[in-house]
Amino acid sequence: MTRPLEKIIYTAHTHTTGGRHEGVAKSDDSQLEVAFSTPGSGKPGTNPEQLFAAGWSACFIGALGSAAQSLKMRLPKETSVDAAITLGKTSEDKYQLSARLNVNLPGLDSETKSKLVEMAHQTCPYSRATRGDIEVEIVVAA
């Protein structure tokens, strides 16, 4: 069930030409300009899966910070998320993504880590947008 936005915080605008095969994307504020290339081609550039992984991991850390704030604690400075976004095909020969987030919260006990990660996964916009549509695995470092 989708819900309409009641308050807009930010809207990103990009213009992309050429797609994932030797394309280019630029933001309207000139803060982002990225070239695309096919994975494994050896050509310079990134791909949509890398951008998605970077965006989701950054957003997830923000959600961890919000969760920590609501628990009246601070995130460890060394908090990190390693994201792996996999592009594959389904048995119906349709393209599909899967995701794995490896969350590192050094210095916290297991119960606190689990609570923070669960709260973040419920509030992170990337987690919410993909829920029920792709396989997502979240691994919390010991």
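Reader: How many aromatic pairs does the count come to?

Author: The structure is a predicted model. Rings of Phe, Tyr and Trp pair if their centres lie within 6.5 Å. By this rule the count of aromatic pairs comes to three.

Reader: Is the pair of Phe-52 and Tyr-126 stacked, edge-to-face or tilted?

Author: The ring centres of Phe-52 and Tyr-126 are 5.6 Å apart, with 40° between the planes. Planes under 30 degrees apart count as stacked and those over 60 as edge-to-face.

Reader: How many residues apart are Phe-52 and Tyr-126?

Author: Phe-52 belongs to helix H1 (residues 48-70), and Tyr-126 to helix H3 (residues 125-130). The pair therefore links distant parts of the chain, and the separation of Phe-52 and Tyr-126 is 74 residues.

Reader: Which class of ring pair do Trp-56 and Tyr-126 form?

Author: Between Trp-56 and Tyr-126 the centre-to-centre distance is 6.5 Å, and the planes are 20° apart. Because planes under 30 degrees apart belong to one class, the pair of Trp-56 and Tyr-126 is stacked.

Reader: Is Trp-56 buried, partly exposed or exposed?

Author: Buried means under 20% relative accessible area. Trp-56 has 0% relative accessibility, whereas Phe-52 has 22% and counts as partly exposed. Trp-56 therefore counts as buried.

Reader: Which residues do ring pairs link into a cluster?

Author: The cluster linked by ring pairs is Phe-52, Trp-56 and Tyr-126.

How values were computed:
Residues numbered from 1 in each chain as written. Predicted model: local features only at pLDDT ≥ 70, side-chain atom pairs only at ≥ 80, totals over all residues. Heavy atoms only, no water. Phe/Tyr/Trp six-rings, centres within 6.5 Å; stacked < 30°, edge-to-face > 60°. Helix = DSSP H or I, 4+ residues; strand = E, 2+ residues; numbered from the N terminus. Buried < 20%, exposed > 50% of the residue type's maximum accessible area, 1.4 Å probe, protein only.
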